[in-house]
Amino acid sequence: SSTRHMEPLETYDPDPLEVYDESSLPLQEHSNQHPAHLRMWLLATYRLLTCHGFSWNSSSTWSIRKVLALCAAFLLTILSTEELVHEANHHLHHSHHHNASPPPTPPPKYPPPGPQPEPLPPAMTRADHVASCAARLSSSNTFFSDVTSSRLLAVEWFVIGPGRSISDIPQTSQQCEDPKSLFAHLYSLMVLQHSLNITLPSWTTTTPDLTFTSMSDICSHYHCLTCNKDKTSVTSINLANMLPPYELTGTIPPEIGLLSTLERIELNSNDQLHGSIPSEMGKLSNLQYLHLHYTSLSGSIPSDLGKLTSLKELFVEHDKLHGTMPQSICQLRTTTTKKEKKGVLELIQADCGGDEPKLECATDCCTQCHK
């Protein structure tokens, strides 16, 4: 404005090197953090430009000196305004921070007085029920130690395999331990399949719509089994004389003892069938015929087979069995009564012949000894 007059400071004649020295100013990452140094520099520049008789009312023409003086004055005004705004915002921020009430503290979650109810166990899934019942039936402490075991493969069949459509899954311990249940039969057959490595296509039906709702379905879908006339129980397993590539190459699982209605087991003439004879076979109280000859079974003959009071034939020749024929089995040939009545066990064939027999057997026990 032409009416504004600013008197020059005649007495102030600073040395430019003294007023502005870069080495004397602190190095700042952001200059607005220390506006006092910038203001000092601008004020010194303004005074330097307006000294030595400079007058705003002079009629002389504009010069570069006048322009620079105006720029310095303008920057001083902007800097002062920004400082005021910054100071006001800083004051408001701190006053809000100090005056704002803290959020309320939630009350402590103490349990109510008195006895507390026991937490409910999580709901069991189908997989939990199947695995729990399978572990009870197998009576194994190492049931889950081997993820590739025949037991876990059988559980998988019930959970994600064709057996997932079966609704008759035991829900209680009593139901799980019932050997006559549909689940117990199917579980033992699945373990038997994976343990013996049964690959025969005709072992069971493989149609996509395979369903099991009763024992009669087992008799219809398993083709190496024989059932009674009413199709309510499995009475026979015949896997003898299996030819390559379908010969048995595994072991006899203890779960075969769950098939309590079996009367005949024929696993003979399978050279690669190995392992031992499970003592659980002694639970098959209805078993009459046990044919295990011409295999690679090894170990000793379990004395629990002496519990098979209905046994008529025991063939264990041409195996790798050793030891002594248990006396409990020999006693099945005669009944200890006053009349010495003959027992039901008629034939026992074993490797008890020759000068060095593999299996020791009394002459009045084994009916035929092989070398």
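Modeller: A residue is called buried when its relative accessible area is under 20%. In this predicted model, C361 has 16% relative accessibility, so C361 counts as buried.

Biologist: How many disulfides does the structure hold?

Modeller: There are five disulfides. Counting bonded cysteines along the chain, one finds the pattern 1-2, 3-4, 5-8, 6-10, 7-9.

Biologist: How does one read the handedness of such a link?

Modeller: One reads the angle about the S-S bond. For C361 and C366 the angle is 100°, and the link is right-handed. The link of C219 and C227 has -100° about the S-S bond and is left-handed. In that pair the sulfur atoms lie 1.9 Å apart, and both C219 and C227 are buried.

Biologist: Which parts of the chain does the pair C330 and C365 link?

Modeller: C330 and C365 form a disulfide, with 2.0 Å between their sulfur atoms. The pair links distant parts of the chain: C330 lies in helix α9 (residues 327-330), while C365 lies in the loop between β10 (359-360) and β11 (368-369), 35 residues apart. This link is left-handed, with -90° about the S-S bond, and both C330 and C365 are buried.

Biologist: Why does C224 count as buried?

Modeller: C224 has a relative accessible area of 13% and is therefore buried.

Notes: Residues numbered from 1 in each chain as written. Predicted model: local features only at pLDDT ≥ 70, side-chain atom pairs only at ≥ 80, totals over all residues. Heavy atoms only, no water. Disulfide = S-S within 2.5 Å. Buried < 20%, exposed > 50% of the residue type's maximum accessible area, 1.4 Å probe, protein only. Helix = DSSP H or I, 4+ residues; strand = E, 2+ residues; numbered from the N terminus.
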